[in-house]
Amino acid sequence: MESRLPKIKSIVKQTANWVIRIMGSLILLFLVWYAMRTLQYMLPVAGHEDLVEIPDSVIRNLAAAALILLLYAVLTAVEKKAGDKIAIWCKRIAVTLGMLWQGIAGLCWVLAVDRVPSADQASVIGAAIDFIQGDYGTLAPDHYCGLYAHQLGPAAMEEMLFRILGEADYHVIQIVFVLLNVAGIYCIYGILKEVSGRLAVVAMGTLLAGSCMASVFYTSWVYGEIPWVFCSLFSAWMLVRYIKYGKTGSLVGIVTALTLGTLLRKNTLVLVVAYCMVGAVRIFSKWDRRLLISLVLALALPLLCYQGIYKMYEMRSGMEHSRGLPTSAYLYLGMEEIGGRYGWYYSDCWAQYYATDCNTEQSDQIYREMMQERMQAMKAQPGYLRGFYQGKLLSQWNVPTYQSLYFNFNHGDVYHEKLAALEDRLSGDLFDSVVRMADRLQFIIYLGCLFYFIFCVRKDSEITQHLLAVAVIGGFLFSIFWEAKARYMYAYYMMMFPLAALGYGEIIRLAEKYCFFRKKKI
């Protein structure tokens with residue numbers, strides 16, 4: 001048996017890599033095919049989340065990807081001729097430019113005008129302020145934190161921040177988000193530097209990530225998207241460093257980031273599961289006690305923290321913790337179609353929960369029965385099931401701005417008139433240009449990510465390097481079943497940037513090996 005163990009370990013590792021490669025390639029083929037031919041956008045006006053689909057330019061998308069490959073080839077040639085010292089400085093300049101753009105553009109976005117929180121972010125901030133004032137009405141089963149029990153995580157974190165600051169100032173959070181965006185670019189730099197180190201990969205990866213306008217627009221969204229992105233990128237960087245250098249501090253960083261990320265945005269659990277999956281394969285292939293402990297802590301700490309928060313507010317308010325909406329309610333919402341909108345939120349979608357006097361168990365049973373009826377109705381219509389889920393996926397993944405302007409265009413007081421006038425134009429006469437630029441970038445990233453799954457995920461590759469790839473696959477599968485919203489996909493899109501950078505780099509490496517850069521034999 002012992003003689004067979006190395007072979008079994010090898011088979012498990014190879015199988016895991018093949019599963020990642022096949023699933024990722026199929027998902028990205030789907031996304032690339034439609035992103036090349038169509039795009040969807042949401043007008044930045046108050047009201048319903050109505051998406052508009054229009055044809056895209058195949059030629060311009062392919063030309064943009066060809067330009068990226070050309071720049072990779074040029075930087076590869078520069079690295080060969082210039083030497084290591086110049087290559088190092090070029091990498092530093094690239095990451096500095098990416099960080100500077102995100103920092104300056106983000107600060108301009110949040111400081112030119114007062115972008116007052118609305119919708120979910122306003123409800124979470126309002127809950128935090130109420131808790132400070134001793135008002136716990138929001139914990140009632142028919143109020144916000146009672147209805148959405150998971151929102152107690154970010155509400156508790158914001159309450160703690162406001163108590164430290166001495167005032168409830170959401171502007172501080174917006175500035176922190178700008179800094180997290182800047183730090184996220186550095187995390188991408190760290191990932192690419194450790195995994196590849198090549199000038200073209202590091203420079204192009206950080207510059208492309210720095211050019212993402214959705215990140216700039218989301219800095220004013222006082223919610224969990226930006227922290228979710230940062231914690232994901234930071235965790236991936238620390239995991240690569242742990243495998244390479246074996247330092248325990250990297251694992252501490254991962255567990256801390258995953259715990260904070262989950263408290264601020266519970267969707268981070270997708271990354272937690274991905275971490276546990278790649279970590280488990282790594283441990284089976286090569287025993288690592290410290291990595292195993294970190295997996296257990298990464299799973300246990302977020303859940304224990306949530307339970308502690310629930311208990312804390314129970315004790316402070318004297319109210320029993322409300323479990324809120326059952327999971328089946330979100331799953332049913334993800335199956336519903338209202339006015340050609342597949343799985344998207346609509347005004348009376350929680351009617352069954354309210355009809356049971358906000359009873360979680362009773363409403364759960366009702367939603368489960370409704371799910372069965374809905375599935376039978378969908379199956380009864382030939383071709384409808386395929387069309388429904390295709391439409392649902394594209395309405396989330398084929399929206400280049402990821403609703404970033406839709407949620408963040410509105411503002412109150414103007415602090416810098418000229419800057420504010422320019423920013424208003426981004427949701428006005430420049431909106432089409434913003435969408436088109438974001439569309440080209442999205443296609444470039446999707447195509448590069450496809451290259452990553454096809455060429456970088458090999459049967460013998462280090463499984464932990466694919467943490468973000470597994471998270472993207474998990475996010476795609478999650479988006480099939482859960483409530484639909486393009487905003488939810490923004491974090492997975494940002495996880496694709498280092499993958500795409502490595503994918504294009506591998507294409508150039510293969511070209512260098514087999515075609516264009518091969519030296520002629522004399």
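# A tour of the helices and rings

Start by selecting Leu70, which sits in helix H2, residues 58-82. Helices here are DSSP runs of H or I with at least four residues, numbered from the N terminus. This is a predicted model, in which local features need pLDDT of at least 70, side-chain atom pairs count only at pLDDT 80 or more, and totals for chains, interfaces and linings use all residues. Residues are numbered from 1 along each chain as its sequence is written, and side-chain values use heavy atoms, with hydrogens and water left out.

**Stop 1**

**Stop 1: helix H8**

Now select residues 199-210, helix H8. H8 has twelve residues and reaches 16 Å from its first C-alpha to its last, close to the expected 16 Å. The expected span is 1.5 Å times one less than the number of residues.

How many of the twelve residues of H8 are buried? Eleven are, and H8 is mostly covered. Buried means under 20% relative accessible area, exposed means over 50%, and partly exposed is in between. The buried residues of H8 include Leu199, Met204 and Gly210. Their cover includes H2, H3, helix H7 (170-195), H20 and helix H22 (490-514).

Zoom in on Ala209 in H8. Its relative accessible area is 1%, so Ala209 is buried. Leaving aside neighbours within four places in sequence, Ala209 is in contact with Gln102, Ile185, Ile188 and Phe497. Contact means heavy atoms within 4.5 Å. Then pick Ile454, 245 residues from Ala209 along the chain: the two C-alpha atoms are separated by 22 Å.

**Stop 2: helix H20**

Select residues 431-456. Helix H20 has 26 residues and reaches 36 Å from first C-alpha to last, close to the 38 Å expected. H20 is mostly covered too, with 20 of its 26 residues buried.

**Stop 3: aromatic pairs**

Show the aromatic side chains. The structure holds 35 aromatic pairs. Rings of Phe, Tyr and Trp (its six-membered ring) pair if their centres lie within 6.5 Å; planes under 30 degrees apart count as stacked, over 60 as edge-to-face, and the rest as tilted.

Select Trp109 and Phe217. Their ring centres are 4.8 Å apart and their planes are at 55°, so this pair is tilted. The pair links distant parts of the chain: Trp109 is in helix H3 (residues 84-111) and Phe217 in helix H9 (residues 213-217), 108 residues apart. Trp109 is buried at 2% relative accessibility, and Phe217 is buried at 1%.

Next, take Trp221 and Phe407. Their ring centres are 4.8 Å apart with planes at 45°, so this pair is tilted. Trp221 is buried, with a relative accessible area of 1%. Phe407 also counts as buried, at 15%.

Then select a cluster linked by ring pairs: Phe30, Tyr34, Trp228, Trp397, Phe476 and Tyr492.

**Stop 5**

Select Asn267, in the loop between helix H11 (248-264) and helix H12 (269-285). Asn267 is buried, at 14% relative accessibility. Beyond its sequence neighbours within four places, Asn267 is in contact with Trp228, Phe478 and Tyr492.

Move to Tyr218, in the loop between H9 and H10. Is Tyr218 buried or exposed? Tyr218 counts as buried, at 0% relative accessibility. Beyond its neighbours within four places in sequence, its contacts include Tyr402, Phe407 and Arg487.

Tyr402 is buried, with a relative accessible area of 0%.

**Last stop: positive phi**

Most residues other than glycine have a negative phi. Tyr402 has a positive phi, near 50°. Finish at Ala119, in helix H4 (residues 119-132). Ala119 is not a glycine, yet its phi is positive, about 55°. At 47% relative accessible area, Ala119 is partly exposed.

Note on methods
Helix = DSSP H or I, 4+ residues; strand = E, 2+ residues; numbered from the N terminus. Buried < 20%, exposed > 50% of the residue type's maximum accessible area, 1.4 Å probe, protein only.
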